[in-house]
Amino acid sequence: MHPEITALRRSPPERTYIVRTLCFMAIYILINAAAIVGLFDDILGQPAGWAVAVAVTAPVVGQIWATLRLMAQSDEYVRVIVAKCFVLAAGGTLALWTAWGFGETYAAATHIPGWLIYPCFWAIYALVSPFVRTSH
Amino acid sequence: MKNRLRVLRAEAGWTQADLAEKLGVSRQAVNAIETEKHDPSLELAFRISALFELPVEDIFRNPHRG
């Protein structure tokens, strides 16, 4: 097989992870899109609105589960890479969120919604991944 | 960790993908070991040793020996 094609081939755990990621991402986007177009307007702002909050959180939990399954089913090298990226992304997100939170408290920084922590985590994960893969 | 994996693989006429398949790991893992970006676990080092029928220290340089 051509070297480039070989390089693009994914292992079964990686393929499963990609499918699971796309499914959870689709659920996350669909629920939020439904809320934006007003499908849940009757319950938003009321205690029943928590159902929407929990529903949109479910794919987030699912994504963490998919990542843990990828680590469990992959070889030791992939496991190390994913773990390093995860720890760096979690650490970076915690630091950024803490700094911004105190910025809001002490420096009148603009309030940002808490749900942004999830896209922030994956943005940092994507940012650190190439460096982790090429580092010793 | 310095090693002779690339040389041994080339002598056997295998690609990284071939070796990965024989070891039951990803091609990235083989590449990372060859380029000294990943130190294999003892279990994987023994698997490599058994595949090439060589002692571990003939494949991986022991940094604790002079």
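Biologist: At what angle do the axes of helix α3 and helix α4 of chain A cross?

Modeller: Roughly 150 degrees. This is a predicted model, by the way. In chain A, α3 covers residues 49-73 and α4 covers residues 76-107. Their axes come within 8 Å.

Biologist: Why quote both an angle and a distance?

Modeller: Two packed helices are described by the angle between their axes and the distance between those axes.

Biologist: OK. So are α3(A) and α4(A) roughly parallel or antiparallel?

Modeller: Roughly antiparallel. Angles over 145 degrees count as that, so the crossing of α3(A) and α4(A) qualifies.

Biologist: Which residues make the contact?

Modeller: From α3(A), A:Thr67, A:Leu70 and A:Met71. From α4(A), A:Arg79, A:Val82, A:Ala83 and A:Phe86.

Biologist: And how does the contact of α3(A) with α4(A) split by class?

Modeller: There are 5 nonpolar residues, 1 polar and 1 charged.

Biologist: Zooming out. How many helices and strands does chain A have?

Modeller: 5 helices and 0 strands. Along the sequence the pattern reads α-α-α-α-α.

Biologist: What is the radius of gyration of chain A, against a compact globule?

Modeller: Chain A has 18 Å. A compact globule of 136 residues would be near 14 Å. The box around the C-alpha atoms of chain A, along the principal axes, is roughly 55 × 35 × 25 Å.

Biologist: What share of chain A is buried?

Modeller: 10% of the 136 residues.

Biologist: And what share of the contacts in chain A links residues 24 or more positions apart?

Modeller: 66%, counting contacts with a separation of 6 or more.

Biologist: New topic. Which residues of chain A does UniProt list as "transmembrane region"?

Modeller: The unreviewed entry gives 17-36, 48-68, 80-100 and 112-132.

Biologist: Take residues 17-36 of chain A. How far apart are the end C-alpha atoms?

Modeller: 28 Å. The span is 100% helix and 0% strand.

Biologist: What about residues 80-100 of chain A: how far apart are the ends there?

Modeller: The end C-alpha atoms lie 30 Å apart. That span is also listed by UniProt, and in the model it comes out as 100% helix and 0% strand.

Conventions
Residues are numbered from 1 along each chain as its sequence is written. Chains are lettered from A and ligands numbered from 1 in the order in which they are written. This is a predicted model: local features need pLDDT of at least 70, side-chain atom pairs count only at pLDDT 80 or more; totals for chains, interfaces and linings use all residues. Helices (H or I, at least four residues) and strands (E, at least two) are DSSP runs, numbered from the N terminus. The radius of gyration is taken over C-alpha atoms; the globule rule is 2.2 Å times the number of residues to the power 0.38. A residue is buried if 20 or more other C-beta atoms lie within 10 Å of its own, exposed if 12 or fewer, and partly exposed in between; C-beta atoms are placed from the backbone. Two residues are in contact if their C-beta atoms, placed from the backbone, lie within 7 Å. Axes are lines fitted to C-alpha atoms, for helices over the stretch in contact, and angles run from 0 to 180 degrees between N-to-C directions. Angles under 35 degrees count as roughly parallel, over 145 as roughly antiparallel, 65 to 115 as roughly perpendicular and the rest as oblique. Ala, Val, Leu, Ile, Met, Phe, Trp, Tyr, Cys and Pro count as nonpolar, Asp, Glu, Lys and Arg as charged, and the others, Gly among them, as polar. UniProt positions are given in the numbering used here, feature names are shortened, and annotations may be inferred rather than shown by experiment.
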